[in-house]
Amino acid sequence: MAASKPVEPQSGTGLPRWQVALMVGAPILIGAGAVYLWNRSRKKAKKGKRNGERKTPEGGASPVPKQEKPDGDPEAMNPLDRAQAAKNKGNKYFKAAKYEQAIQCYSEAISRCPTEQKGDLSTFYQNRAAAFEQQQKWQEVVDDCTRAVELNPRYVKALFRRAKAQERLDNKKQCLEDVTAVCILEAFQNQQSMLLADKVLKLLGKEKAKEKYKNREPLMPSPQFIKSYFSSFTDDIISQPLLKGEKADEDKDKEGETAEVKESSGYLKAKQFMEEENYDKIISECTKEIETRGKYAAEALLLRATFYLLIGNATAAKPDLDQVINMQEASVKQLRANALIKRGSMYMQQQQPMLSTQDFNMAADIDSQNADVYHHRGQLKILLDQVEEAVGDFDKCIVLRPDSALAQAQKCFALYRQAYTGNNPSQVQTAMDGFEDVIKRFPKCAEGYALYAQALTDQQHFGKANEMYNKCIDLEPDNATTYVHKGLLQLQWKQDLDKGLDLISKAIEIDNKCDFAYETMGTIEVQRGNLDKAIDMFNKAINLAKSEMEMAHLYSLCDAAYAQTEVAKKYGLKPPTL
């Protein structure tokens, strides 16, 4: 789609980002930490005996030795026996939903229990916390669970109960630390704790991203990213080269006199700057054209909006896009359709799929012969998991633009994804044959090789996938994203961590604004147990994020890594590492 970096599935080159998670699902990165950081929203925890909500106190059976005790003779019982008896009585009250009486009994058990009996004492505190939980006395729950954990630092029930209470008290950071400890202790196998971790990480990410994004400094992406973005359009007037004679504003003779001045236009200067890759001056030149109501005011509005989107300033982009879309002149039909594509992509980044769909449909109504509309709407349909409709849109694009290699490749990828997720081997093979046909007919299309490589990786045809990535690099040696994907392939194929990291480092060397590379490097460092380095990588990616939603996702990864560092310090717990 036309967003500067689409919501979930795309990276800078248009490669679907859901595939990255799928790739990492292979043997080398399937460890507990990988599930936590890579597949939190995709991989469900295995269902088992620990999946149920923890609602009951502990100690249904008393550990008191099985010997006869005189009824009603407390003097015949030692202090621990009396504490256990009080706890057992409390459990009966708890099961009868008489929580106040249960609390009194648990309090008696706590007061009677010898202090050296830490295991029993921690259980009594945890049981009383369970009763307080039923009364929704969240601070009391936290206090009692804290005492239980102090006595037994790896007490899963107490940690999880405290995590839930911290969530109710809106103490998200403390909640995350507790639930992270639980996830590690339970080897990431309990669905309840995984869901709570995911929920809190998303909330924290959104909160931090909202504040950070509001105050962020606009950042121009790399030239490679910008060129890749514009290459996804074939019917985009503003990205076309200047026509002959339009460059006259800049032409001078040897004496420095202007040889010929065709037209003084901020928009034409902006277009000239685009050709020179002098992107930082484009917005200001477009503004001059708009303010002077020049001949190319409509084009300038669209070009300025496009660069606002590229630097991540959707708030500034929207009024410009709205103005172009509301123009009624027949001569700007193509501009209106392009503006609708870009606004629709912006809405998808903002998780407003209904508004996004409306814009794409309106674009098709306005300019039914515009291949870009169907190409980008097809990508939207893939995001919405409407694969059949996506294929239909790609077919329309191909009819209008038979030479559109990218649409051909993405159609194959849509068919492949449908077959792969539907577990249909014959259709998978048909899609793979389709990729072979695409790269044969369009040998200069790097995206065709890249998408085919991802499909081959899914099928564990690693050697051929590596060949396809090499062809991508031959065609586009400055495409950092391809190096990241190839680095991930090395991890899956040969478990070659050093080579994988070298390739991702190469991506950063090529494009130091490639947030995807920093994010991937951070995730791998988590798996290696290098949490401080991982946090540094995630923070670099955060500073490069092009949308608030993307930033929220990155903050979630960073917070997860930070929580693991805190858990390691407090409890000596670390997830498995590579």
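Which helices are included in what covers the buried residues of α10? The legends below take this up in a predicted model.

**View 1. Helix α10 and what covers it.** Helix α10 spans residues 223–231. Its buried residues are Phe225, Ile226, Ser228, Tyr229 and Phe230. The cover over these residues includes α11, α13 and α15. Helix α15 runs over residues 333–349.

**View 2. The whole chain, for orientation.** The chain has 578 residues, and 56% of them are buried. Its secondary structure amounts to 27 helices and zero strands. Take the contacts with a separation of 6 or more: residues 24 or more positions apart account for 61% of them.

**View 3. Helix α12, mostly covered.** Helix α12 covers residues 282–291. Seven of its 10 residues are buried. They are Ile282, Ile283, Glu285, Cys286, Thr287, Glu289 and Ile290. Two charged side chains, Glu285 and Glu289, are on that buried list. Helices α11 (266–275) and α13 are included in what covers them. Just after α12 comes Arg293, with a positive phi of about 50 degrees.

**View 4. Helix α13, largely enclosed.** Helix α13 is built from residues 297–310. From first C-alpha to last, its 14 residues reach 20 Å. That is close to the 20 Å expected at 1.5 Å a residue. Of the 14 residues, 13 are buried, so the rest of the structure largely encloses α13. Helix α13 also figures in the cover of the buried residues of α10 and of α12. After α13 comes Gly312, whose phi is positive, near 85 degrees.

**View 5. Helix α8 against helix α9.** Helix α8 (residues 172–185) packs on helix α9 (residues 191–214) at an angle of about 145 degrees. Their axes lie 9 Å apart. The crossing of α8 past α9 is left-handed. From α8, the contact takes Lys172, Cys175, Leu176, Val179, Val182 and Cys183. From α9, it takes Ser193, Met194, Leu196, Ala197, Val200, Leu201, Leu203, Leu204 and Glu207. By class, the contact has 12 nonpolar, one polar and two charged residues.

**View 6. Helix α19 against helix α21.** Helix α19 holds residues 405–421, and helix α21 holds residues 446–458. Their axes come within 9 Å and cross at roughly 15 degrees. Angles under 35 degrees count as roughly parallel, and this crossing therefore makes α19 roughly parallel to α21. Helix α19 passes α21 in a left-handed crossing. Leu406, Ala409, Gln410, Phe413, Tyr416 and Tyr420 are the α19 side of the contact. They meet Glu447, Gly448, Leu451, Ala455 and Asp458 of α21. These residues divide into seven nonpolar, two polar and two charged.

**View 7. Asp372, a buried residue in helix α17.** Asp372 sits in helix α17, which spans residues 371–383. Buried or exposed? The cut-off for buried is under 20% relative accessible area, so at 1% relative accessibility Asp372 counts as buried. Leaving aside residues up to four places away in sequence, Asp372 touches Ser232, Phe233, Thr234, Asp235, Asp236 and Ile341. Ile341 is 31 residues from Asp372 along the chain. Their C-alpha atoms are separated by 8.1 Å.

Note on methods. Residues numbered from 1 in each chain as written. Predicted model: local features only at pLDDT ≥ 70, side-chain atom pairs only at ≥ 80, totals over all residues. Heavy atoms only, no water. Axes fitted to C-alpha atoms, helices over the stretch in contact; angles between N-to-C directions. Helix = DSSP H or I, 4+ residues; strand = E, 2+ residues; numbered from the N terminus. Parallel < 35°, antiparallel > 145°, perpendicular 65-115°, else oblique. Left-handed = near helix turned anticlockwise from the far one by under 90°. Contact = heavy atoms within 4.5 Å. Expected span 1.5 Å × (residues − 1). Buried < 20%, exposed > 50% of the residue type's maximum accessible area, 1.4 Å probe, protein only.
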